[in-house]
Every structure is written in C-alpha cells, then in structure tokens.
Amino acid sequence: MEIRKTIIIGSGPAGYTAGIYTARAELKPLLISGSEPGGQLMTTTEVENWPGEPEGIMGPDLIENLKKQAVKFGTEILADTVTEVDFSSKPFVVKTSDKEFQTDSIIIATGASAMWLGVPGEEKLKGKGVSACATCDGFFFRDKKVVVVGGGDAALEEATFLTRFASEITILVRRDEFKASKPMQERALNNPKIKVLWNTEAIELIGQEKLELVKIKNNQTGEESELEAEGYFASIGHKPNTKIFEGLLELDHKGYIKVKPNTTKTNIEGVFACGDVIDPFYRQAITAAGSGCIAALDAERYLSAKE
Ligand code: NDP
C-alpha cells in the first residue's frame, strides 16, 4: 500500500486551506471530505466578513472557491467519511467504510456540529418542522409561526433570516439577556416580526405528522404554556466532531482537540488539528482558514525534519 505524506480529514475552510498549502508544498494531500462536505459554511447565506470580498460572498460559493483552489494545486478529494484512525504506530492508518490508507501525517479539520436541546419530541420531529439550520430550511416556513431557541449571535442571525419567510418568530432565551453582540441584538429587536420570551425554555415539542405546538416553561415562575408553531430552530451552539478520536488524542472537557500553544500539534507527533475542532472561542471562517494554513506549515516542517 502506498504511504501518503499527508491526509486531511474535513472539508471546511480549515481543511481546504490545509489542502492549498500542503499541495503547493508538493505533499500530494488526500482530503477526505466527510459526512457534511463543506461544513457549516454550506448552511450559511452571505458571509460579509471574509477579507477580500468587499461585497460579501455566499457560504457555499466560498467553499466552492476554496475547493477549486485546493484541487488546482493537486489536492485529491475523496467524498467519503473516516470511520476509524490508528495512531498507535507509524505510518498512521486512516479507514473509511471500504478503504484504508497509510500516511506519515494527518491534519484533522473535522469542525463542529449543531447541538440539540434533547427535549421530548425533538428527535421525532426532525425534518418535520424541527431544524438546526434556518438558512437551509427557512424557506419552508412561509407565512408560518416559528420558534428559535438560543440567545447567541447564531440564534439572532437565524431569527432575522427567518423574517424573510415566517409570519412571526418567537425567540426563547433561557436567561434575561442575550449573549449575542449588540449590533445583532439591535437588528433582531428592531424587527417587528420578532418577539422574545425571556427566562423561557422549550420543554416538549408536540405534533404527529409535523410540529404543531412547542411547550414552554418560564424558569423563574415555573409557569408552563404552549406556543403554536410549525417551525422550531435549535440554535444553542455546536459540539466538536471528535467522536472517532476519543481515547486516541487528548481532548478537553468539551471534546475539543487539545493542541500545543501557538501550534496545531496534538499530543501525537505527526497528527495536527485545526479549525473549529480546536477552537471553541473564535469560530470564524477566516480563523479556521488561518488555522488550516498553520496546520499545513506544521505538517510540512514535521515531514521535512523527519526526512
Ligand atoms: P453561543 O455559544 O455564542 O450561544 C449559544 C446560546 O444558546 C446562548 O445564548 C446560550 O445561553 C444558549 N443555550 C445553550 N444551551 C442551551 C440550552 N440547553 N437551552 C437554551 N439555551 C441554550 O453559540 P452561537 O452558535 O450563537 O455562536 C457561536 C460563535 O459563533 C460565537 O462566537 C458567535 O459570536 C459566532 N457567530 C457569529 C456570527 C456573526 O458574527 N455573524 C453569527 C453566528 C455565530 P446562555 O447565554 O445562557 O449560555
């Protein structure tokens, strides 16, 4: 079996940037794109803060551009999902459902995925009014009442986006204030279609074929009531995609991969991690891309030193 110089796992801005850099360094990278190719940008509308795009760019277009650039320099893309890795000996082993690869270095860029509340009815009604992505599914809620859960930037961005379609958006915030930035708060609060219920939690989602009611509770008074809604969007943050690395790499208490300060080096020499999978704080497309660049440089230096 051919031993590859580097394999990149993940296809968001971190993965593709690592692809661009390692390909230009002639490491002939193989990038395995994963179960959600393109990552979170694929479910984003306009990205206004990607430097060099003064008019903004749609998330999927940005991903397509990054992919083209990575492929142009020779990154090989495999549309598959990594099911298992073995870091116990060198070369490392990377397995998908039907393929196995050996590699001298690995760059992990598996990102993070949306979190759910876990209340009764949520799982059953996913795809039947229950979603974690307004930009993907908002279109289906024209003139309907919807609920958004969360008080961060993402929740307010989703709620504001939903005003294009829905007749009424109720945001459920578990505290008596938003976590979101001031401009985002102002934009949402100034929209007449958006209503906020403070100190309020969703406790059950009710519906047979599709969502009909969201049962809510005021966590100060204990009072329970029901909201009519055909849409429910959970927007309460993300968790890192590190399941396959549990027990193999050092992770923090939230499951993010730990890296050595100011590097992308994990606790295993030759295994690097970048982007949202190491970053619970900044989580921007540009910081992920920067981190992918650093991982590629770290991998390149590791391989040169080894040679
Ligand atoms: P955040 O972690 O910032 O916010 C999560 C929100 O969900 C908080 O209000 C939190 O409440 C609430 N929450 C968490 N768990 C529960 C629960 N079980 N029940 C009810 N509410 C819950 O995540 P986001 O996804 O909003 O944002 C992630 C990062 O991405 C942030 O850094 C954000 O600034 C950034 N971002 C930036 C955007 C932009 O600038 N355009 C757009 C979107 C995201 P509490 O406050 O009580 O903890």
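## Terms and model

Here, buried means under 20% relative accessible area, exposed means over 50%, and partly exposed is in between (1.4 Å probe, protein chains only). This is a predicted model, in which local features need pLDDT of at least 70 and side-chain atom pairs count only at pLDDT 80 or more, while totals for chains, interfaces and linings use all residues. Residues are numbered from 1 along each chain as its sequence is written, and side-chain values use heavy atoms, with hydrogens and water left out.

## Around the ligand

Let's turn to the ligand. Of the 18 residues around the ligand (a heavy atom within 4 Å), Gly151, Asp153, Arg174, Arg175 and Lys179 come nearest. Helix 4 (residues 153-162) gives the largest share of this shell, three residues; helices are DSSP runs of H or I with at least four residues, strands are E runs with at least two, and both are numbered from the N terminus.

Oxygen atoms of the ligand lie 2.8 Å from a polar side-chain atom of Arg175 and 3.0 Å from one of Arg174. A polar backbone atom of Ala154 is 3.0 Å from a ligand oxygen. The protein covers 73% of the 910 Å² of accessible area that the ligand has on its own (Shrake-Rupley method, 1.4 Å probe).

Where does Met115 lie? Met115 is in the loop between strand 9 (112-114) and strand 10 (130-131). With a relative accessible area of 31%, Met115 is partly exposed.

## The annotated domain

An unreviewed UniProt entry lists residues 5-292 as "domain: FAD/NAD(P)-binding". Over that range, the chain is 19% helix and 28% strand, with the end C-alpha atoms 16 Å apart.

Definitions and conventions: UniProt positions renumbered as here; feature names shortened; annotations may be inferred. Polar contact = N/O pair within 3.5 Å; in protein donor to acceptor, adjacent residues only side chain to side chain.
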